[in-house]
Amino acid sequence: MVKLLSTEQMAEFANSGCLFFDGLIDNETNKEFLNDIGHTDIENVDNMQKYFQNIKASSSIPRIPAGTPLKNAYPNKSPLEKIFQNEVVAGAINSLVGSEAVVDHQFLHLTFPTKYFKKTNQRQMSQVNHQDSTIDPRITFDIQLFYFPTDVTKEMGGTRYHPGTHLRIVNEMGIAKYQNIKGQKNIVCKAGTIGIFHNGLWHGAGVNFSDEIRYMFKVRLQPTEKQELLWDPEKKYKPLPNKALYWTDENQEKTVNDILMKSYPWQEADTNRLDKINTIKFWRMLTGHKNLDIDYWLTRIENELY
Amino acid sequence: MPKRQKVLVLYLKFPSLEAEVISWATFDGTGQKLHMTGDSDEPPYPTGLDALLDGWRLFQSSQAIPEHPGEEFRTSYLKHEFFFEKIEEGDF
């Protein structure tokens, strides 16, 4: 049995573009993964490319043709198969992209520590902010699943990301000029943490100021079916009725709509309202309720009488 | 004395210099500091006006471009962009 996401988790994903499962994968599997890729101390690494090539040559991470069904992608009993069979991981994938998702691509990201750059006399720079792949105006979305096999401390420069940016349509590194964005976050997590990003989420790798190599294994998954109520096969979700706006009652209980309408400090005053409208449209798609609204944002502008 | 340009780019919450800074980038032509992505979580100034008060000279700002018909709800890049400079003299 897999553990499908809750409606609240889906709302969190719809609003922020990401979900995290801290320390989800057990230490034994994390060690197995690290052993499989031949993890070693940075003192033993003279050349980043050679280290990377060795991992590609000797690990059990297979070459996966783009479009391969996820369920056929990884060797039996390999650490990655165990990770994808974890009931929470499988449930999150099924909830977001369905049980017949296919692999777009995978990659093992390595971020080397400062001492490597000093030793090799190279400038150590962070990765610029970007949105993966290319400009993508689809309603359909892919997910990128991140697996962190070791602890990631603040010094290790874990993936920087910008919650709530996933529905902005930009062209890959077209956002590289934004060096810093208010509310930016860096992943700091325990070994075995799984992160899931909407394919549109703005992000970039940080600088690793620790003494350890940082690893992040990433798989991009694409759905082959409509992403409607995949987390709620019994279709229990019902939109909430309208509530009073601005002139409101005190002490209202928080609802799933409050999760969906959360704002972020980087949003402009004007475009923040469009971000909310696009989140409502996204939630309409995810729930299948084509006329659903929150806080009257869409009803107001859809009331066209001419 | 040689002169070098320092550039500060501020993205503001709305298109007026009194607005709050929501994103920022600094490029230091003097070579004294190497700025890079993700290097600070707090903006250098609370508003665009505070940058002017500290001696930065505004040399470009984004224009107001009406949304294309049919694309009014499409969101994309940060909108309210202001470029500032300082010219520094020194023995670079």
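Mentor: Happy to, and keep in mind that this is a predicted model. Let's start where the chains meet: 31 residues of chain A are in contact with 25 residues of chain B.

Trainee: What makes those residues count as being in contact?

Mentor: The cut-off is that C-beta atoms, placed from the backbone, lie within 7 Å. The 31 residues of chain A and 25 residues of chain B are therefore in contact by that distance.

Trainee: Which elements of chain A give two or more residues to the side that touches chain B?

Mentor: They are strand 6 (180-181) and helix 8 (271-287) of chain A. Helix 8 of chain A gives the largest share, 5 residues. By class, this side of chain A has 13 nonpolar, 11 polar and 7 charged residues.

Trainee: Why is strand 6 of chain A said to pair with strand 2 of chain B?

Mentor: Pairing needs at least two bridges. Strand 6 of chain A and strand 2 (residues 21-28) of chain B are joined by 2 bridges, so they pair. These strands run antiparallel, and N180(A) has W24(B) as its bridge partner.

Trainee: How do you know that strand 4 of chain B pairs with strand 1 and with strand 3 of chain B?

Mentor: Strand 1 (residues 3-12) is joined to strand 4 (residues 81-89) by 9 bridges, and strand 3 (residues 57-61) is joined to strand 4 by 4. Both pairs therefore qualify, and both run antiparallel. In strand 4 of chain B, E88(B) is the bridge partner of R4(B), while E85(B) stands opposite R57(B).

Methods. Residues are numbered from 1 along each chain as its sequence is written. Chains are lettered from A and ligands numbered from 1 in the order in which they are written. This is a predicted model: local features need pLDDT of at least 70, side-chain atom pairs count only at pLDDT 80 or more; totals for chains, interfaces and linings use all residues. Two residues are in contact if their C-beta atoms, placed from the backbone, lie within 7 Å. Ala, Val, Leu, Ile, Met, Phe, Trp, Tyr, Cys and Pro count as nonpolar, Asp, Glu, Lys and Arg as charged, and the others, Gly among them, as polar.
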